[in-house]
Amino acid sequence: MKSRYVASLEVRRDASSSPIDAALLDLEIAGYLARKGMTEGAEAIVKRVRSQELPCASSKVVATLNLVEGLLCHIAGLDADALLKWRRATAIASADECIDVLAIVAGWTAFLHYTNGRFESMIEELRNAFELHRRNSAFGALTSRSRMVVALVLHTCRKTQEALHWYKDARGTALSVGDDVEIAALVHNMAWIRVYNHRNALLRGEAVASLEADISRVSSEAVQSYEELVGLASFPAMTPLLRAQNFMLSEEFSSALSILDEHAKNVRSQGLGRLEPNFNADRTYCLARLGKLDNAVEAIESITRSIDESVHVDDLAVLYSRLRDSARLMGLAALSSSLDDEAWRNWRAFDELISKLLGGINSVVHPEQEHGDSARQQ
């Protein structure tokens with residue numbers, strides 16, 4: 001079934017008397033297809049638009065072409081190439097004051113920085129998005145993606161009620177145009193952060209509400225159902241791996257292991273290689289819980305050797321906590337103690353990061369408070 005969003009764009013395109021406007025609507029459809037994972041359709045539209053003379057006549061068309069090509073790079077796991085395309089889009093759109101293109105690019109660039117752990121750059125892009133909104137709320141409206149990034153940061157920082165406000169805003173923005181792919185992304189990311197916070201609390205020895213595992217599982221099942229309904233094909237490994245996390249929280253380690261064995265090996269080809277050591281640590285822990293972990297010391301040391309600078313501090317804390325618990329289950333007390341030290345060193349660093357993130361996001365969302373504090377200090 002064709003998306004209401006795409007159908008609406010096609011009606012507007014077919015009714016347009018302007019070749020440039022028609023091309024821009026075609027590129028909006030291409031962006032939708034790219035986000036959905038239907039890359040061949042998106043690439044065909046991009047090729048068709050590039051073959052016309054329109055790019056020579058419209059800087060906005062050129063900026064939007066770079067925006068869509070950046071989306072295609074991002075979906076292919078080529079985030080460095082995506083960032084380059086979006087920087088070009090920003091430069092071209094800025095020269096011609098294409099505020100709507102700038103707002104879209106700012107949201108996506110903020111999201112890319114968020115997923116890659118470049119939080120200072122993320123804050124700067126969000127600040128840019130909010131400034132565009134303040135300058136021209138009609139054309140520089142905060143996109144659903146920008147609102148979602150704010151929500152994800154607040155949720156990660158366990159500011160759940162504030163995050164829910166921004167999730168609601170992001171959902172409303174996507175619903176207003178019928179963008180089912182953006183809603184799918186929103187639901188998916190919400191579910192991951194919920195599981196993320198639950199898992200992290202357990203690994204840190206903190207209390208978790210007894211119903212939280214059931215709620216997290218229902219959330220992940222809803223993600224899978226909605227993505228199947230929409231026909232989403234982008235980042236196909238991540239939804240099954242979300243289910244694996246829920247199985248682990250429910251102590252269904254055989255089911256979790258089955259998913260990890262099938263899908264964890266695919267994350268690198270989807271541009272998420274930094275997560276591979278963590279999924280290997282999850283697999284090791286499942287095997288330990290099932291009494292099937294052979295050569296435990298070798299398995300654990302192999303994972304620690306695979307860590308590189310791309311692994312984020314929170315993922316390091318989780319990884320060492322998983323390996324700590326695996327070593328403990330195998331009776332390796334000295335190794336478990338050493339891994340526990342590494343885990344808590346990274347948990348403390350993550351707590352410091354959370355404090356900085358909250359300060360940064362509040363300076364964007366509530367700039368008047370920051371200015372007021374400065375005035376009082378003076």
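A charge is taken to sit over a ring if NZ of Lys or CZ of Arg is within 6 Å of the ring centre and within 35 degrees of the ring normal. The model on screen is predicted.

**Stop 1: R145 and two rings.** Select R145 and W108. R145 lies over the face of W108, 3.8 Å from the ring centre.

**Stop 2: W108 and F111.** A pair of aromatic rings is described by the distance of the centres and the angle of the planes. The count of aromatic pairs in the model comes to eight. W108 and F111 form an edge-to-face pair, with 5.9 Å centre to centre and 85 degrees between the planes. Both residues belong to helix α7 (residues 99-115), and because they are three residues apart there, about one helical turn separates them. Are W108 and F111 buried or exposed? W108 is buried, and F111 is buried too.

**Stop 3: helix α5 against α7.** Show residues 59-75, which make up helix α5. The axes of α5 and α7 are 10 Å apart and the helices pack at an angle of about 20 degrees. Angles under 35 degrees count as roughly parallel, so α5 is roughly parallel to α7. The crossing in which α5 passes α7 is left-handed. To see the contact, select K60, A63, T64, L67, L71 and H74 on α5, then D100, V101, I104, V105, W108, F111 and L112 on α7.

**Stop 4: R35.** Go to helix α2 (residues 19-36), where R35 is placed. R35 has a relative accessible area of 10%; the limit for buried is under 20%, so R35 counts as buried. Which residues is R35 in contact with, leaving aside its neighbours within four places in sequence? They are Y5, L71, I75, W108, D179, V181, E182, L232 and S234.

**Stop 5: F253 and Y285.** Return briefly to W108 and F111, both buried, before moving to another ring pair. F253 and Y285 are also edge-to-face, at 5.7 Å centre to centre and 80 degrees between the planes. This pair links distant parts of the chain, 32 residues apart: F253 is in helix α14 (residues 253-263) and Y285 in helix α15 (residues 276-289). F253 and Y285 are both buried.

Terms used
Residues numbered from 1 in each chain as written. Predicted model: local features only at pLDDT ≥ 70, side-chain atom pairs only at ≥ 80, totals over all residues. Heavy atoms only, no water. Phe/Tyr/Trp six-rings, centres within 6.5 Å; stacked < 30°, edge-to-face > 60°. Helix = DSSP H or I, 4+ residues; strand = E, 2+ residues; numbered from the N terminus. Buried < 20%, exposed > 50% of the residue type's maximum accessible area, 1.4 Å probe, protein only. Contact = heavy atoms within 4.5 Å. Axes fitted to C-alpha atoms, helices over the stretch in contact; angles between N-to-C directions. Parallel < 35°, antiparallel > 145°, perpendicular 65-115°, else oblique. Left-handed = near helix turned anticlockwise from the far one by under 90°.
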